[in-house]
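Student: I have the sequence and the model open side by side. Could we go through some local details together?

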Amino acid sequence: MHPQKPLLNYINGEWSTSKATEFLDVVNPATTSILSLVPLSPKDELDTAATAAAAAFVNWRRTPPTQRVQYLFKLKSLLEDNLEDLAHTITLECGKTLAESKGEWHRAIENVEVACGIPTLMQGYNLEDIARGIDEIMIRQPVGVTAVISPFNFPGMIPFWFFPYAIACGNTVIIKPSEKVPLTMQKVFELLEATALPQGVINLVNGAKEVVDAILEHPSIRAISFVGSSPVAHYVYSQGAAHGKRVQCQGGAKNPIIILPDADLEMTTRIAADSAFGCAGQRCLAASLAVTVAEARHSFTEAIASAAQTRVVGYGLDEGVQMGPVITHQSQVRIEQLIEQGTQEGAQVLVDGRGARIPGYERGNFIRPTVLQNVNPKSTIAHDEVFGPVLGLMHVETIEEAIALVNSSKWGNMACLFTSSGAAARQFRYQAEAGNIGINIGVAAPMAFFPFSGWKDSFYGDLHGQGRQAVEFFTQTKVVVERWPQYWSRQF
Ligand code: NAD
């Protein structure tokens, strides 16, 4: 990695220098030092990658699944052997703490493990004698060339929600990482190269909108997996579909957590603080609004304010740090403006994290944990995604009101309830309109063998990433009806 040397693309089994004329600095958000340069690759480089992936598909789909997963077994070992270095890279470019970066890799590896089950996961089904002497068989076949477009906040894990399944199913893949955090995928592709996957099976094209638009339009690309903000998710979904592709797009969020009076206060506060302030609030499963019910109000308000004030903020590589910076200076400014707007629209600042200066990292994009109380349900901060370490507090008197508040949202990524009542938990699980539900859990992130769900404006599409739904997304079904006349009248 050299600050002046542009990062490379990886196309058809080879590292290649982009012919880009525009480059962006890759910046360490804690120190603001420049780590590298990322090329904004032109459209024709995506075309070269798609052509290579289409050529590779011919033999890759014929490679037996039991052999395809051998490359994933190798990848899993390589990821484990290089975990420290991979985690260090995420912290460098993304800012989260080293422990958070390691956690991200454990989730990534879990997806490789699940995809290794493809010889059984990909099986179809059949029925003999649907009519006398006629059998019917459903088989799954790969869709072809696929593309993954990822956001900045999980540069390691998110591509793994998709590509291990895609290649295990016999597809070929192009990955376009976020231009803000492209270093992590350089490292991953070094490991992919070391697995000796056949050339063209997996390709890396760095860039931004021009590459995304080229993916949306390219006739060889059959399926697109996108994760990012909802406006871009909607754009990718509608444009991808208009070009006849299957598309799955995970978008933004505004996640509420509900605290009932019978919740364990100590546990709830610890979990709520981790959810709201972990990864500096830059998680699509971050708690953004805490809704207290009845007498939970005062005890929780006091406890969460204290948790926010005592959280250790700093450089993610330093010992003892619990929260890093936000990704860019623009992000920091946007978040601080949203806090200000929240107060203008009725909220009071209980803990103010604005203007944070971290000794030794004065230029970093830091905001300390912030808590707003009495958030006006009609205000911007009650509805817009903040994607920063800001928790808004609201209050209602009953669980029904709390659920109504959850369901009034246009978002549907996650909703959580803290309680010791099984009946309340059941009511919440049944009625809350969100794709990921937590009961006494603050970040309801599904394990790799469950789909990463998401409803409403938090997801556009049908099949989600991870597990069986990923296998369905990356395969197309074919139904075969067979008759063999010579056996019609025979007795066996
Ligand atoms: P983003 O939408 O800005 O970027 C995501 C990807 O889209 C990047 O690769 C980027 O290059 C590309 N892109 C950006 N603008 C584009 C445009 N106009 N046209 C075409 N492509 C474009 O998102 P981000 O800031 O990198 O990530 C944060 C967002 O991602 C948040 O909204 C967060 O909630 C969401 N997210 C969602 C999930 C989920 O599972 N639902 C997970 C992680 C992050």
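Student: Is Q282 buried or exposed?
Tutor: Relative accessible area decides this: buried is under 20%, exposed is over 50%, and partly exposed lies in between, with a 1.4 Å probe and protein chains only. Q282 has a relative accessibility of 4%. Because that value is under 20%, Q282 counts as buried.

Student: What kind of model are these values computed from?
Tutor: Residues are numbered from 1 along each chain as its sequence is written, and side-chain values use heavy atoms, with hydrogens and water left out. Local features need pLDDT of at least 70, side-chain atom pairs count only at pLDDT 80 or more, and totals for chains, interfaces and linings use all residues, since this is a predicted model.

Student: Back to Q282, then: which residues is it in contact with, beyond its neighbours within four places in sequence?
Tutor: Helices (H or I, at least four residues) and strands (E, at least two) are DSSP runs numbered from the N terminus, and Q282 sits in the loop between α11 (265-277) and β13. Contact means heavy atoms within 4.5 Å. With neighbours within four places in sequence set aside, the partners of Q282 are F152, N153, F154, P325, V326, I327 and F387.

Student: F152 is on that list. How far is a polar backbone atom of F152 from an oxygen atom of the ligand?
Tutor: A polar contact is a pair of N or O atoms within 3.5 Å; within protein, one must be able to donate a hydrogen and the other to accept it, and residues adjacent in sequence count only if both atoms are side-chain atoms. S150 places a backbone N or O atom 2.8 Å from a ligand oxygen. For the polar backbone atom of F152, the distance to a ligand oxygen is 3.0 Å.

Student: And which residues are the closest to the ligand?
Tutor: A residue is near a molecule if one of its heavy atoms lies within 4 Å of it, and 27 residues surround the ligand. The side chain of E385 has an N or O atom 2.5 Å from an oxygen of the ligand. The closest residues are E179, S229, Q250, G251 and E385.

Student: Q250 makes me curious about β11. How many of its five residues are buried?
Tutor: Two strands pair if DSSP finds at least two bridges between them, and five bridges join β10 (221-227) to β11, which run parallel. Within that pair, F226 has C249 in β11 as its bridge partner. Strand β11 (246-250) is mostly covered, and the buried count is four.

Student: What does G465 touch, not counting residues up to four places away in sequence?
Tutor: G465 lies in the loop between β21 and α17 and is buried, with a relative accessibility of 0%. On that count, G465 touches W161, F162, Q248, Q250, F450, P451, F452 and A470.

Student: What is the phi of Q466?
Tutor: Q466 also belongs to the loop between β21 (459-460) and α17 (467-473), and at 3% relative accessibility Q466 counts as buried. Q466 is a residue other than glycine, yet its phi is positive, near 75°.

Student: And what is the phi of D129?
Tutor: D129 lies in strand β5 (125-131) and is exposed, with a relative accessible area of 51%. Although D129 is not a glycine, its phi is positive, at about 55°.

Student: In what order do the seven strands of the open sheet lie?
Tutor: The edge strands, each pairing on one side only, are β14 (348-351) and β19 (436-439). Neighbouring strands are turned by 25° against each other on average, direction ignored; axes are lines fitted to C-alpha atoms, for helices over the stretch in contact, and angles run from 0 to 180 degrees between N-to-C directions. The pairing is mixed, and the order is β14-β15-β16-β13-β12-β18-β19.

Student: Which residue in β18 is the bridge partner of I259?
Tutor: Three bridges join β12 (255-259) to β18 (414-418), and these strands run parallel. The partner of I259 in β18 is F418.
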